[in-house]
Amino acid sequence: SNMLMTAYYPVFRFYFPNANGNWDGAIMHSIMAIAVFTDNRKMFNNAVNHFLYGPVNGSLFKYIYPNGQCQETTRDQGHVQLGLGEFAGAAQIAFTQGRDLLSAGNNRLAMGYEFTSRVLLDELPQSYGPVSQRAKSLRDCFEYVYRHYTANGINMPYTKRTADSVRQRASR
């Protein structure tokens, strides 16, 4: 607890508003994990608030647009998957603590996964700006999200296809 609170938390407690949203996704994920480990409700609530209302690029609603496109879709798909995975990790921690961030914004995270899965499967959905074709190697960030949403009655056909294709090599 002492190491987390003195060595790590001070480095990222103010998030990183000058960077792309994947940075704040990773920071929120880390802060939520530290908050749960240290039983710090105030810290946990701060991360939840940033997830929902963070300024600049840091919130779910600034990272994933209403059509599901991610803020970094025009940059490269590796960073998009990183960002989605970090937002999903933070939402998963919150869910285990009784706070449902996965359904926030009419399942905005699911929309981000579906849009990105379409891109990774070589479809080109309507986009704000050109969709980058760089770094399209699939990461293993799809399984939990796919299972959660489909268990709650949300159809995710593209995310299913990406999850199916990486399942054998996914980290355990």
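Start by selecting Asp 39, which sits in the loop between helix H2 (21-38) and helix H3 (41-53); helices here are DSSP runs of H or I with at least four residues, numbered from the N terminus. This is a predicted model, where local features need pLDDT of at least 70, side-chain atom pairs count only at pLDDT 80 or more, and totals for chains, interfaces and linings use all residues. Residues are numbered from 1 along each chain as its sequence is written, and side-chain values use heavy atoms, leaving out hydrogens and water.

Is Asp 39 buried or exposed? Asp 39 counts as exposed because its relative accessibility is 71% (exposed is over 50% relative accessible area, buried under 20%, partly exposed in between, with a 1.4 Å probe and protein chains only). Asp 39 is not a glycine, yet its phi is positive, about 55 degrees. Most residues other than glycine have a negative phi.

Next, select Asn 107 in helix H6 (residues 104-120). Asn 107 also has a positive phi, near 65 degrees, in a residue other than glycine. With 18% relative accessibility, Asn 107 counts as buried.

Now visit the largest nonpolar core, which has 43 residues. Such a core is a set of buried Ala, Val, Leu, Ile, Met, Phe, Trp, Tyr and Cys residues joined through side-chain atoms within 4.5 Å. Among the members that touch the most others are Ile 31, Leu 101 and Phe 142. Elements giving two or more residues include H2, H3 and H6, while H5 provides the largest share, 8 residues.

Finish at Phe 142. Beyond neighbours within four places in sequence, its contacts (heavy atoms within 4.5 Å) include Gln 81, Tyr 113 and Val 166.
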